[in-house]
Amino acid sequence: MKRFFSKVIDFFKRLFSGNTKSLPEIDPNQEPLLKTSRNEIEGRLEVIEGEFPKDMLGACQISLPVGTVNSGGLPFPAKNHKGHRNPEYGSPIMNGDGMVIQVNLAPETPTVKTKLMKTPCYYADEATKEGTKHHGLMGFHNMGITRMSMVLGSRNELNTATQPVKFKGQKVGSLMATYDVGRPYLVDPKTLELVSPVGKVKEWMTAEPPMVPWPFGIVQTSAHPGFDPITQELFTVNYSKNKKAYTHLEQSYHHLKHNRADFKEKLEGLANEVVDHPDDEHVKAKVDNFFDKLNHHVDGKPHDKDEPKGDVFMNLIRWDGTGSFVHWELSDQTGDKLAIYECMHQMGLTKDYLILTDCSFKFSLDMLFDNPFPESKIIERLIRRLATVRMEPFTTTYIIRRRDLKPEGGKAIAYRLDHPIPLETIHYSCDYDNPDGVVTLYGVHNAATCIAEWVRTFDRRALDGKPVDPDYYSLFAVGSMDISRFGKWKFDAENLKLLKDESKVFEEPGKYKEDHLGPNTWAVALYTYRGILSAEKPVNKIKQIWFVSDGTVKNLLTKFVYELYEDYPHRKLSLHEIKDATERELPFGLTRVNTDTMEPEDYYQCDRNTFLRGVQFVERKTRNENVPEEMDGYLFCPVQVGNSVDSKPTKYSSEFWVFDATDVAKGPICKLKNDEVKFAFTLHTSWIPNAEPSDQQYIIKTKEDYDEAIKDLDLGVDRGFLEKFFEENVYPHFEHNR
Ligand SMILES: [Fe+2]
């Protein structure tokens with residue numbers, strides 16, 4: 001242990017003495033594109049344009065990552081508090097503490113509240129942040145898309161989405177904050193404070209090797225689980241990924257923990273030698289050889305190859321809001337364990353079935369090490385070159401028959417559909433009704449776009465080969481390599497057949513050579529419809545869907561992403577057309593599609609440098625019977641507005657816009673703002689009819705939960721030290737639920 005600590009200290013000494021010469025100059029008059037505040041505030045919203053519709057019901061939530069305990073919001077600063085190069089600089093914005101912004105629309109004057117999602121590991125991070133006595137030994141570090149401490153484990157950042165839930169007997173229910181790699185938490189709809197985790201630490205299986213004794217284990221789950229408002233049950237998953245890269249995982253952990261400095265030095269040496277070698281196979285062979293013989297290459301305590309290996313597991317979880325989970329171990333109809341190659345970001349739920357998919361969002365275990373040495377750009381380049389694989393251009397789909405799920409848990413079959421959905425999919429929703437066993441799924445197909453790739457500090461632009469503008473570092477590298485698709489898919493869930501003839505895809509580049517594009521599917525990720533995520537009642541048939549299209553951005557189409565998807569198999573537009581459209585920097589838009597025809601019926605186009613960051617359907621206090629139910633309401637959007645339509649705004653305003661759902665083409669009917677709320681990139685939104693205090697009764701006590709978890713950690717843990725650390729730094733923040 002002593003040897004390990006001294007190595008870690010050595011490493012930090014070297015890290016902090018790093019030079020800052022190569023950092024780009026930042027124009028002080030220019031507000032960064034990603035400028036985001038992590039201050040918790042509460043206040044009123046001012047109407048800055050239009051009239052506030054007084055018949056809006058309930059409250060909207062917006063989830064967003066807001067940087068780390070060290071960063072003071074976003075962007076990640078280039079230098080740390082001591083003026084040295086900041087190892088967090090350029091890490092993906094996805095890797096940051098979660099904040100929820102809630103806008104209460106019901107009062108005469110709408111109000112806004114922002115809260116950080118302060119999990120126990122948040123407080124551990126706070127207690128070990130830069131400048132604290134624990135930082136060197138226990139501090140958390142951004143390692144690519146995850147934030148880890150070699151002693152404490154992996155951060156649960158809860159930054160992705162909120163899902164309303166209302167269990168049996170509850171009048172209000174709770175919000176549930178989610179993350180792909182962390183257990184969800186119930187959140188109080190009134191105060192936005194965490195109420196209770198979903199399930200105890202010990203109920204979740206973790207994906208780190210068994211020899212890693214971490215109180216904060218890696219929980220892989222779904223950021224978009226399923227809640228059934230009729231049966232009032234929550235369904236989610238808990239899995240580990242099946243990936244060949246897994247074979248190197250145990251020994252990489254070992255050397256990272258025990259021999260970090262030497263591991264880094266040797267890997268850096270190798271990276272310098274091969275990173276620019278033109279032959280991929282040669283690079284791969286050299287790196288495979290290095291990792292196969294890590295014990296030989298890295299000095300220090302060798303890794304014991306016989307140590308127990310982690311199992312691959314895939315469990316379905318059901319929770320009714322009280323007591324423990326029920327879980328089922330899933331296999332497919334041939335008896336094989338479900339093999340997840342990408343991730344289960346999204347789940348689907350209908351009256352009789354649950355839908356599982358291998359989603360195209362590689363936020364999963366192999367990504368944990370996409371940057372184990374964040375301070376080394378050469379290693380980052382090498383690992384990205386090897387580890388970034390193209391997403392599979394299809395979506396493997398599994399169906400679970402809910403009637404097969406034995407109430408006591410056990411095993412269950414997830415039937416694989418005869419054909420995968422023939423496009424990659426990130427988000428989707430299903431009609432609750434499934435007449436004659438036919439499921440209808442509406443999906444966003446992020447064709448040739450990977451949400452898990454982010455713009456690196458060494459990236460170059462595909463169009464002109466110039467370095468990417470530093471303003472775009474950390475953002476998702478979602479420069480389009482083809483237009484997105486919006487699909488309606490039907491499948492026979494009893495006979496496991498994808499009904500291709502009854503499925504339909506909307507794909508539309510719009511008139512991208514003209515000023516007004518019209519409805520289009522450039523870079524689509526987020527959508528809404530009336531009743532989306534409702535914990536009150538299901539949407540039997542989704543009739544109208546609104547989605548945001550993000551246009552094209554020169555700085556987000558990196559050379560790396562371009563080369564990765566040059567040969568995209570479902571290509572709709574030629575590479576020439578893609579380059580042309582990217583050169584034009586197409587604006588954001590909002591499109592409504594009628595799901596019967598899968599044709600667009602309404603469209604609003606943003607000005608340049610106006611970014612619709614989300615869209616959420618909001619119901620009226622009283623139903624207007626003159627309008628079809630699915631159109632009766634408003635659309636609420638977080639919007640980032642640049643102060644200039646020219647290429648470089650110097651300031652951005654964080655606003656909330658309201659559209660009349662029956663007519664988005666006429667533009668926002670109201671714009672709201674509070675100067676203290678500052679956001680840039682936001683993730684998912686949700687809506688609840690009333691933001692009253694949670695009436696959740698079953699609450700897991702933080703101290704009991706972690707005392708039990710720490711007690712059961714094995715293999716050389718200094719339990720006394722961990723217990724004291726938790727007693728001093730974590731539990732005092734949970735006095736209300738000890
Ligand atoms: Fe998502």
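Figure 1. Y398 stands opposite R416 in β21. The model is predicted: local features need pLDDT of at least 70, side-chain atom pairs count only at pLDDT 80 or more, and totals for chains, interfaces and linings use all residues. Residues are numbered from 1 along each chain as its sequence is written. Strand β21 covers residues 415–416 and pairs with β19 in the antiparallel sense, over two bridges. Pairing requires at least two DSSP bridges between the strands. Strands are DSSP runs of E, at least two residues long; helices are runs of H or I, at least four long; both are numbered from the N terminus.

Figure 2. Strand β19 spans residues 397–401. Four of its five residues are buried, so the strand is mostly covered. Buried means that 20 or more other C-beta atoms lie within 10 Å of the residue's own; exposed means 12 or fewer; partly exposed lies in between; C-beta atoms are placed from the backbone. Strand β18 (residues 353–357) pairs with β19 in the antiparallel sense over five bridges. In β19, I400 is the bridge partner of L354.

**Figure 3. The two sides of helix α12.** Helix α12 runs over residues 702–711, and its buried residues are T702, D705 and Y706. They cover an arc of only 85° around the axis, which puts them on the same side of α12. The arc is that of the directions from the helix axis to the C-beta atoms. E704, E708 and K711 are exposed on the other side of α12. The buried residues of α12 pack against α2 (120–127) and α13 (719–729). Contact here means C-beta atoms, placed from the backbone, within 7 Å.

**Figure 4. Helix α5, end to end.** Helix α5 has 15 residues, 260–274. From first C-alpha to last it reaches 21 Å, close to the 21 Å expected at 1.5 Å a residue. The expected span is 1.5 Å times one less than the number of residues. Buried residues in α5 include R260, F263, L267 and L270. A261, K264 and A271 are also buried.

**Figure 5. Setting of the close-ups.** The protein holds 13 helices and 36 strands. Its radius of gyration is 25 Å, close to the 27 Å that the globule rule gives for 738 residues, so the protein is as compact as a globular protein of that length. The radius is taken over C-alpha atoms; the rule is 2.2 Å times the number of residues to the power 0.38. Buried residues make up 53% of the 738.

Terms used
Two residues are in contact if their C-beta atoms, placed from the backbone, lie within 7 Å.
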